Amino acid sequence: MTATGTFTPRPGAAPLPRMIRAQAALETRMLLRNGEQLLLTVIIPTLLLVLFSAVDIIDTGAGRSVDFLAPGILALAVLSTAFTGQAIATGFERRYGVLKRLAASPLPRWGLMTAKTCAVLVTEVLQIALLTAVALALGWSPHGNPAAVAGLLILGTAAFSGLGLLMAGTLKAEATLAAANLVFLLLLVGGGVIVPLAKFPEAAQAVLGLLPITALSDGLRTVLQHGAGVPWSDLGILAVWAVAGLGAAARFFRWE
Amino acid sequence: MRTEPAVEVVGLVKRYGTKTAVDGLDLTVARGAVTAVLGPNGAGKTTTVEICEGYRRADAGTVRVLGLDPVADAAALRPRIGVMLQSGGVYPGARADEMLRHTAGLHAHPVDVDLLIERLGLGSCGRTAYRRLSGGQQQRLALAMAVVGRPELVFLDEPTAGLDPQARRATWDLVRELRQDGVSTVLTTHFMDEAEQLADDVAIIDGGRVIARGTPEELCRGGAENTLRFTGRPGLDVTSLLKALPADSAATELTPGTYRVDGKVGPQLLATVASWCAQHGVMPDAIAVERHTLEDVFLELTGKELRA
């Protein structure tokens with residue numbers, strides 16, 4: 001046996017599944033540790049759900065307001081994590097050279113993106129569990145096909161991830177921070193999350209109806225509030241956004 | 001034992017728009033040695049290193065790192081190299097030990113993380129988030145991340161910029177140990193003493209080309225002429241001294257009684273001066289040979305301050 005020092009070369013990548021698992025765990029911890037992110041992903045959706053269910057501020061149509069609000073708030077949770085949170089975090093990772101340094105590690109780029117997606121999904125599961133518990137406590141009675149709900153949430157996540165990564169990979173970190181928050185606010189108001197789309201003028205409704213947030217909140221409401229079948233048109237709108245967003249992100253994303 | 005060099009760059013050209021950052025650069029990095037790349041800002045150091053790391057594509061020329069193409073063979077190359085960027089590279093909210101353990105976990109046979117934390121004094125970082133660490137702590141973490149995977153070749157981009165003397169010494173010790181353990185190291189630096197202390201081989205880059213290379217000793221000897229000073233009686237006959245010296249030397253009385261000889265200062269010249277003094281009944285007091293430092297060589301070659 002030859003004597004070996006501490007640094008005697010013995011290079012090698014860890015097995016791919018282990019790298020992706022470790023990266024996903026780290027990304028999730030970074031998301032959950034960030035105070036501003038938690039405000040966006042947990043506190044704001046929970047407060048909106050409780051406030052608008054308890055106080056009759058907006059006319060949400062027939063039935064209990066929580067039945068109208070809960071699906072919208074679930075859509076907001078997806079928006080906050082997959083789009084706003086991911087865009088801001090990734091924008092700053094790009095700015096601080098985190099993506100650059102990881103590009104020189106054994107973890108392939110697609111592995112990093114897979115890990116980021118896992119972190120977003122884990123965060124969403126936690127959000128949905130919390131928001132569902134709060135909504136049930138407020139008297140929510142959901143209906144419908146769980147598979148349709150899962151399909152909507154996953155396509156919504158894909159659509160918002162694509163748009164968030166496109167923003168993070170092309171704009172400056174500060175611009176991403178401002179724009180992602182602004183888009184969050186605009187979609188919160190205009191995307192059928194807490195304000196029914198019917199409140200807007202008809203011409204506006206036609207445009208707003210094509211937004212991914214509207215498709216997601218409307219689709220979730222169709223299933224969860226009205227117990228209807230699979231909302232194909234909403235799924236279709238989300239699929240188009242997902243393909244366009246992820247395609248553009250893959251094409252234009254800059255790592256440095 | 002593989003005989004191919006760790007890095008082989010031939011005729012490298014890189015342009016950014018109309019600006020040529022690297023202009024026909026040749027560089028060979030020997031296995032198991034420390035190679036320092038010196039140059040003023042904008043000389044093309046970082047561009048060259050980042051092309052070797054696979055971050056950028058060359059516009060012309062060939063680059064082989066551990067025998068591989070850094071872009072085409074990136075997947076095979078990445079596990080074998082360690083990279084320390086000039087700054088950043090860590091999640092702002094991550095703790096030092098957390099990030100180092102994570103980086104170790106991406107490799108098959110990493111260095112013991114606790115040992116590395118102790119060696120580089122990273123224990124003092126505690127549970128502090130990266131963005132709140134001092135510049136020196138951030139630098140040492142980046143260095144630890146570059147070596148934790150037990151790479152064959154490490155690229156260190158200005159590893160001691162902004163470090164206090166103690167941390168700087170710890171970094172130097174680590175680089176020496178890397179060399180001892182057979183790791184090849186490419187080091188860009190602004191510090192001449194760092195290159196003199198650590199490097200087996202120095203490449204001085206200016207205007208996107210290598211303008212001088214060799215061991216620190218060779219560069220100091222070859223580039224600049226050296227100086228010999230002594231004191232004696234005022235008003236010695238300098239012309240007579242000059243006659244005794246080799247043709248390419250110069251001798252002057254700087255101030256009354258202080259003499260300076262410029263030329264290829266070696267044992268022979270020293271003996272010539274001493275024997276001339278003996279012939280003239282002069283005791284040469286305070287005789288001193290001034291060796292030129294790498295800094296002088298650098299200034300002479302580039303006409304630039306290194307830390308400009």
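A pocket is here an open set of grid points with protein on both sides within 12 Å along at least five of seven lines, and its lining residues have an atom within 4 Å of a point. In this predicted model, the largest pocket is lined by 32 residues. Those lying nearest its centre are Met30(A), Asn34(A), Glu36(A), Gln37(A) and Ala89(A). Five helices of chain A, namely α1 (16-33), α2 (35-54), α3 (65-95), α5 (109-137) and α7 (173-190), each give two or more residues to this lining. The largest share comes from α3(A), which contributes eight residues. The volume of the largest pocket is about 740 Å³. By class, its lining comprises 15 nonpolar, nine polar and eight charged residues.

The second largest pocket, with a volume of about 420 Å³, has 17 lining residues. Arg109(A) from chain A, together with Gly54(B), Tyr55(B), Arg56(B) and Val71(B) from chain B, are the lining residues closest to the centre of this pocket. At least two residues of the lining are supplied by each of two elements, α4 (98-103) of chain A and α2 (74-77) of chain B. Nine residues of the lining of the second largest pocket are nonpolar, seven are charged and one is polar.

The structure holds six cavities of 30 Å³ or more, and the volume of the largest cavity is about 80 Å³. Its lining consists of 16 residues, with Arg101(A), Ile81(B), Gly82(B), His107(B) and Met145(B) nearest the centre. In chain B, strand β5 (81-84) and helix α5 (135-147) are the elements that give two or more residues to the lining of the largest cavity. The largest share, three residues, is that of β5(B). The lining of this cavity divides into eight nonpolar, five polar and three charged residues.

A further position considered was Leu219(B), which is found in helix α8 (residues 216-222) of chain B. Leu219(B) has a relative accessible area of 7% and is therefore buried, the cut-off for this class being under 20%. Along the chain, Leu219(B) and Glu98(B) are 121 residues apart, and their C-alpha atoms are separated by 43 Å.

Terms used:
Residues numbered from 1 in each chain as written. Chains lettered and ligands numbered in written order. Predicted model: local features only at pLDDT ≥ 70, side-chain atom pairs only at ≥ 80, totals over all residues. Heavy atoms only, no water. Helix = DSSP H or I, 4+ residues; strand = E, 2+ residues; numbered from the N terminus. Buried < 20%, exposed > 50% of the residue type's maximum accessible area, 1.4 Å probe, protein only. 1 Å grid on protein atoms, 1.4 Å probe; cavity = no way out; pocket = protein on both sides within 12 Å on 5 of 7 lines; lining within 4 Å. Points joined across faces, edges and corners; volume = space filled by probe spheres on them. Nonpolar A, V, L, I, M, F, W, Y, C, P; charged D, E, K, R; others polar.
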